[in-house]
Amino acid sequence: HNEVKISISDNGDGIPEELKKKIFQPFFTTKPAGEGTGLGLSLSFDIVTKGHGGHMTVQTESGKGTTFIISLPLA
């Protein structure tokens, strides 16, 4: 394989399907107004995909948690 994969998992409630589609969009946040910019995942996604030519995906299951997978090509 010509890539390295990094996965980060939690054991939280998971991400509802209607939110999963939006989490990489700029300024999307589930926090109340004024408590967060919603740029963290968007910037991370752009750095991984545009800056390094990689992929960033999310796998989630209600009540069981979420896993983010970052794939980066080897130089």
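Which residues form one aromatic cluster? Phe24, Phe45 and Phe68 do. The model is predicted; local features need pLDDT of at least 70, side-chain atom pairs count only at pLDDT 80 or more, and totals for chains, interfaces and linings use all residues. Residues are numbered from 1 along each chain as its sequence is written, and side-chain values use heavy atoms, without hydrogens and water.

Rings of Phe, Tyr and Trp (its six-membered ring) pair if their centres lie within 6.5 Å; planes under 30 degrees apart are stacked, over 60 edge-to-face, the rest tilted. The count is 2 aromatic pairs. One of them joins Phe24 and Phe68 edge-to-face, at 6.3 Å centre to centre and 75° between the planes. Phe24 lies in the loop between helix 1 (17-20) and helix 2 (40-51), and Phe68 in strand 3 (residues 65-73), so the pair ties together parts that are 44 residues apart in sequence. Helices (H or I, at least four residues) and strands (E, at least two) are DSSP runs, numbered from the N terminus. Both Phe24 and Phe68 are buried. Buried means under 20% relative accessible area, exposed over 50%, and partly exposed in between (1.4 Å probe, protein chains only).

Ile8 belongs to strand 1 (residues 3-9). Its relative accessibility is 45%, so Ile8 counts as partly exposed.

Lys64 sits in the loop between strand 2 (55-61) and strand 3. Lys64 is exposed, at a relative accessible area of 59%. Neighbours within four places in sequence aside, Lys64 is in contact (heavy atoms within 4.5 Å) with Asp10, Asn11, Gly12 and Asp13. Ala33 lies 31 residues from Lys64 in sequence and 28 Å away in space, C-alpha to C-alpha.
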